[in-house]
Amino acid sequence: MTKPRLASASHLTHVPLSIRPMERDDSARVLQMIDALTRHNGDRMSLDEASLIDLIYAPSPWARILVAENHGNIVGYAALVGGLQLQFGLRTMDLHHLYVDDAQRGMGIGRALIEAARETARNLDCVQLTVGTHAENKPAQAAYLACGFAPLAPRGPRFVMALS
């Protein structure tokens, strides 16, 4: 484990801060703060300490990739990334990428990958599978609807921060 480092002081505080990863002993306090944020947003938390520890420390890969193979050739893939609704202690899965070779489209490969993604998410105790696409990609939108996805209303503005 690396030694905690002091965060650079901002103009807003004169208190030196130690920034470090959460440890198991911090879980009760972190849970209190999750509950406070949840209440602030008008929700009711259903996450408990054991579930929080499991969500943070359970061995899980960063992403999962499923491939579709046809006659020994990989012709498509689905990339899955785990997510969560922390205030409820619920695991989710996002179908981050879905790709099928042009020559193999229309043969049910995408549908098979979506079904495998659904099964993977269920096996990981996820409560939902999400997918996104560009607003102008009407064929993908129709395909997702045909496979059982329902439109998901935006929950509010989202922001991005480049890390490089």
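Let me start with a definition: a residue is called buried when its relative accessible area is under 20%, exposed when it is over 50%, and partly exposed in between, using a 1.4 Å probe and protein chains only. Hold on to that, please, as it comes back all the way through.

Now, what are we looking at? This is a predicted model, where local features need pLDDT of at least 70, side-chain atom pairs count only at pLDDT 80 or more, and totals for chains, interfaces and linings use all residues. Residues are numbered from 1 along each chain as its sequence is written, and side-chain values use heavy atoms, with hydrogens and water left out.

Let's begin with the overall picture. The chain has 4 helices and 6 strands, and here a helix is a DSSP run of H or I with at least four residues, a strand is a run of E with at least two, and both are numbered from the N terminus. Following the sequence, the order is β-β-α-α-β-β-β-α-β-α. The radius of gyration is 20 Å, well over the 15 Å that the globule rule gives for 164 residues, so the chain is more spread out than a compact globule. That radius is taken over C-alpha atoms, and the globule rule is 2.2 Å times the number of residues to the power 0.38. The C-alpha atoms fill a box of roughly 60 × 35 × 35 Å along the principal axes.

How much of the chain is buried? Of the 164 residues, 23% count as buried. The chain exposes about 12,500 Å², and carbon and sulfur atoms supply 57% of that area. Accessible areas come from the Shrake-Rupley method with a 1.4 Å probe, and for residues only the protein chains shown count as cover.

On to the inside. In soluble globular proteins, nonpolar side chains tend to be buried together. A nonpolar core, for us, is a set of buried Ala, Val, Leu, Ile, Met, Phe, Trp, Tyr and Cys residues joined through side-chain atoms within 4.5 Å. The largest one here has 18 residues, and Leu95 and Leu129 have the most contacts inside it. Strand 4 (73–85), strand 5 (90–100), helix 3 (109–123), strand 6 (126–131) and helix 4 (138–146) each bring at least two residues to this core. Which element gives the most? Helix 3 does, with 5 residues.

Please click on Leu129. Leaving aside neighbours within four places in sequence, Leu129 is in contact (heavy atoms within 4.5 Å) with residues including Leu80, Met93, Leu95, Ile114 and Phe149. There is also a second, separate core of 7 residues, with Leu31, Ile34, Met45 and Leu47 among them.

Now the outside. Ile65 sits in strand 3 (residues 64–70), and Ile65 is exposed, with a relative accessible area of 57%. Together with Val67 and Ile74, Ile65 forms a nonpolar surface patch of about 300 Å² of accessible area. Patches are made of residues with over 30% relative accessible area and no salt bridge, with like charges joined within 9 Å and nonpolar side chains (Val, Leu, Ile, Met, Phe, Trp, Tyr) within 5 Å.

Next, salt bridges: a side-chain nitrogen of Lys or Arg within 4 Å of a carboxyl oxygen of Asp or Glu. How many are there? The count comes to 6. One of them joins Arg39 to Asp35, with the closest N and O atoms 2.9 Å apart. Arg39 and Asp35 are 4 residues apart in helix 1 (residues 27–40), so about one helical turn separates them. Arg39 is exposed at 59%, whereas Asp35 is buried at 18%. Another bridge links Glu119 and Arg122, at 3.9 Å from N to O. Glu119 and Arg122 lie in helix 3, 3 residues apart, about one turn of the helix.

Last stop: two loop residues. His71, between strand 3 and strand 4, has phi near 55 degrees, a positive value in a residue other than glycine. Asp125, between helix 3 and strand 6, also has a positive phi, about 60 degrees, although it is not a glycine. His71 is exposed at 78% relative accessible area, and Asp125 is exposed at 60%.
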